[in-house]
Amino acid sequence: MKNSELFLINEIAATCGVTPRILRHYEAMGLISPDTTDPDTGYRYYSAADIDRILLINRLKDIGFSLAEIGEYLTGKLSADEQLLRLERMREKIEVSIAALKVHRIGENDLTVHFVTLPERWCVTAEGLVSDIADGIDFFRAHVRRCVARRLRYSQNYPNFAEFWGEGVFEGELPIENFNMRICICVDERHPPADAVYYPSSEAIAVYYRGDYAEIDRAYAALRRWVKDNALTVSGTAHEYYIDSPFVRSRGEYISCVVFPLA
C-alpha cells in the first residue's frame, strides 16, 4: 500500500513541471533517488524533500548549470566561493546575451554611451597593419580560416572582436587607411590552446553602432567626448565587438559595439 507521505513518479513529475523520463535521467545521474521502491511492482516513491531537491535542480539548470555541475553542488564538492564564481560568470554571459539582443533595437543615430563590464576571455590573436577596411576584413577572414583549420573550439559565450590603437583612435579621427589591428577569436575558456591570450575582466564604456562601417568613427567620437566630459582615463586598446558577423551584413546594416576600456 502506498504511504500517504510519499508520491508516485507521475505525481511528483507533474508537481515539478518535468516528465517522468527526466526524473529517471536525474536518478541515473545520481542527482535524486526515490525514498523507496516497491519490490513487487518496481514503483518509485518520492518524498516532499525530493520535491524541493528537484525544484532546486530545475532552478540551477535554468541559470546555466550543467547536470554534472549540479551534482557537484548537491554533494558539496563545490565550495561556496566556487559556486559564487560560477554564478558570476553565468551572469556575465547573460549580460552579453542581453546586450546582443538589445543592439538590434538601436537606430543608426543612437550613439548612447553605456558603462559595461568586459568579461574575462581567452583569445587566439593575429596582429597586422592593413591598408584599408576591405584589407582588414580579408585579414579577419584569413585568421578565421587558420583557427578553423586548427579545429579550435570557439567560445559559446562571447563574440569575437578586434583591437585598434595608435593615432586617431582615442583622439582625433579614426583612420580608415593604413591602420593597425589585432583580430581576437574568443575560444572555449575551459580548454584554451597554449597560444591563447588571456583578457581579464575590466570596466569600460561602450557605444552600440549600427550603420555603414565607413562611418563608425561617429561611435568613437561619442566615446571620446564622454571620456573628456567625465574626466575618464582610457587604458590599452579600443575594441570592436562584432554582434553580427561583418562578413554577411550589408554595409548599411553593420552592427558592432565599440568599447574603450577604462584605467
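**Close-up 1. Helix α1 against helix α3.** Helix α1 covers residues 9-16, and its axis comes within 10 Å of the axis of α3, the two crossing at roughly 45°. That makes α1 oblique to α3, oblique being what is left once angles under 35 degrees (roughly parallel), over 145 (roughly antiparallel) and 65 to 115 (roughly perpendicular) are taken out. This is a predicted model, where local features need pLDDT of at least 70, side-chain atom pairs count only at pLDDT 80 or more, and totals for chains, interfaces and linings use all residues. Residues are numbered from 1 along each chain as its sequence is written, and side-chain values use heavy atoms, with hydrogens and water left out. Helices are DSSP runs (H or I, at least four residues), numbered from the N terminus; axes are lines fitted to C-alpha atoms over the stretch in contact, with angles from 0 to 180 degrees between N-to-C directions.

**Close-up 2. Who touches whom between α1 and α3.** From α1 come Ile-12, Thr-15 and Cys-16, which meet Asp-50, Ile-51, Ile-54, Leu-55 and Asn-58 of α3; contact means heavy atoms within 4.5 Å. These residues divide into five nonpolar, two polar and one charged (Ala, Val, Leu, Ile, Met, Phe, Trp, Tyr, Cys and Pro count as nonpolar, Asp, Glu, Lys and Arg as charged, and the others, Gly among them, as polar).

**Close-up 3. Helix α3 against helix α4.** Here α3 (residues 48-62) packs on α4 (residues 67-75) at about 130°, with axes 10 Å apart. The pair is therefore oblique too. On the α3 side sit Arg-53, Leu-56, Ile-57, Leu-60 and Lys-61, meeting Leu-67, Ile-70, Tyr-73 and Leu-74 in α4. By class, that contact has seven nonpolar, no polar and two charged residues.
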